[in-house]
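Please open the structure in your viewer and keep the selection tool at hand.

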Amino acid sequence: MQPSCAGGKHGAVHPGSDNPANSGASLRCAEISVEEKQMSAAFPRPHRRWVVPRSVFAPVNILLFLLPALTAFRFNAVGQLMVSDFLAAALFAALLARGRINLRQAYLRPVLIFYALWVAGMVLSDIVNQSPVANMAKGWALVGLFGIYLVVFFTLVDGRRDRLFYAMIGVGAAALLTSFTGNARGAFFGLQWKFGAGLSVTLLFLLALRVAGLGRRKTGFWLMAAAPLHLFLGARSLFLLTFLSGALSAFTLHFSRPRDRVFAISLVIMLLFGGMIAGEAVFGEIVKTGVLGQEMLNKYLAQTAGGRSIFFGGRPESIVSLRAISESPLLGHGSWAEKPQYRYLLYQLLQAQGAYVNWNAEYLTRVETIPSHSILLGTWVQHGVLAGLFWASVLVLGFRALLAGAVAARPGWSYEFLAIATLLWDTLFSPFGGERRCVTALFIVIAAALLADHLKSLKKGQGG
């Protein structure tokens, strides 16, 4: 017979108890957290009669849903603007006027300090590079709106992980709304799935499992089981992210002693990097069988020619970005810098990978911005090392949150792991712009909330 939690309905065995009789029970009881109780109260299990919780209609939760959901509605003016941009700006002005922005909130102050350094670097870069006014307007609008989203999300969430649920529903709805409004390119199970719809459907799937009452581990196993769908639909990175996020959720570890936590964190790090290496190898073997089609096979062989990793072989823009950074590492090249020599270098790399390039085509001169396929590298190219410093701090925050969620007494949910894993991936391998200025800001807040909750539980444990 398994030991149960003593005291109350769910028990009160302390995770750090030295009593051998309670050691097994303590690990199982560690999963019961304040956040979990809040979520359980908000979303009853299936055997209960369904009642729409009042918290759904709380103004803050409605706003958290609308901010990412309204990224689906866009129009062109000083670049591409979204309806959510206006909502975020209005909320920022209202919060500022009422003095509701709490700078003492966990991680908000350091994030804003690094953000202010980025802004200073951007202004200095544009002045030194004498950027055209039109390019400055687009660059400053993008960075300014991103900062507004950061402050608004931090303020609305206020460290409450249960509120993140509603924001994630908005993220899930955004790509579907984009598809229905005709703003998305390609087929739904083609380009749309690879560039947003796949992540949205996955998030909605996870949130449905959460509402249905499935626990963390079962939800993690479901996510791992569903991950191969992305592979067959051509979304390789999403397959990797969903599988790793599911594994982190399914195999969370709970240790109270510092020495045990160090061991657990080391184990998670090895699993993360080992999983990426193994995933690349397994994907290569699957592709070589031809089960994913001849087009996928040809693309894989071209991207990995010469022993290149598929992570970089499929992103020649990053090679061009590194060249541009090496030629102006401190100040960058300015907002929306237009230097055709880097664009021609990209086409040469694409041609070397087997892609057909029509050197007489008009598109060779229509777009002259420096190519980038990484938020970190792209912002560094434009605004210099201070922009790179901000995104390096985001990587540190996200990685710490990922580890904390995997070994904490209040572990992360699958959709939190997926959000943070996507944040890390996009920072390294995806371009900045469009809905990412909203969604990336939200994912940073999710990482901060998860890490702050973990550190809070550690302090309580030490105090007890």
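**A helix and a surface patch**

Begin by selecting Leu-389, which lies in helix α19, residues 385–407. Helices here are DSSP runs of H or I with at least four residues, strands are runs of E with at least two, and both are numbered from the N terminus. The model is a predicted one, in which local features need pLDDT of at least 70 and side-chain atom pairs count only at pLDDT 80 or more, while totals for chains, interfaces and linings use all residues. Residues are numbered from 1 along each chain as its sequence is written, and side-chain values use heavy atoms, with hydrogens and water left out.

Leu-389 is partly exposed, with a relative accessible area of 37%. On this scale, buried means under 20% relative accessible area, exposed means over 50%, and partly exposed lies in between (1.4 Å probe, protein chains only).

**Two loops with positive phi**

Select Tyr-107 next, in the loop between α4 (83–97) and α5 (108–129). Its phi is positive, about 70°, although Tyr-107 is not a glycine. Then move to Gln-130, in the loop between α5 and α6 (133–157). Gln-130 also has a positive phi, near 50°, and is a residue other than glycine. Is Gln-130 buried or exposed? With a relative accessible area of 68%, Gln-130 is exposed.

**Salt bridges**

How many salt bridges does a search of the whole structure find? The search finds six, a salt bridge being a side-chain nitrogen of Lys or Arg within 4 Å of a carboxyl oxygen of Asp or Glu.

Select Arg-74 and Glu-435, whose closest N and O atoms are 2.9 Å apart in a salt bridge. This pair links distant parts of the chain, 361 residues apart: Arg-74 is in strand β1 (residues 74–76), and Glu-435 is in the loop between α20 (414–429) and α21 (436–463). Arg-74 is partly exposed at 24% relative accessibility, and Glu-435 is partly exposed at 25%.

Continue to Arg-437 and Asp-85, which form a salt bridge with the closest N and O atoms 2.7 Å apart. Here too the pair links distant parts of the chain, with Arg-437 in helix α21 and Asp-85 in helix α4, 352 residues apart. Both residues, Arg-437 and Asp-85, are buried.

Now select Asp-426 and Arg-436, whose side chains meet in a salt bridge of 3.3 Å, N to O. Asp-426 lies in helix α20 and Arg-436 in helix α21, so the pair ties together parts that are ten residues apart in sequence. Asp-426 counts as buried at 11% relative accessibility, whereas Arg-436 counts as partly exposed at 22%.

To complete this stop, select Arg-161, Glu-416 and Asp-453, which are linked in a network of salt bridges.

**A buried glutamate**

Finally, select Glu-317 in helix α15, residues 316–327. Glu-317 is buried, with a relative accessible area of 18%. Which residues is Glu-317 in contact with, leaving aside its neighbours within four places in sequence? They are Leu-346, Pro-371, Ser-372 and His-373, where contact means heavy atoms within 4.5 Å.
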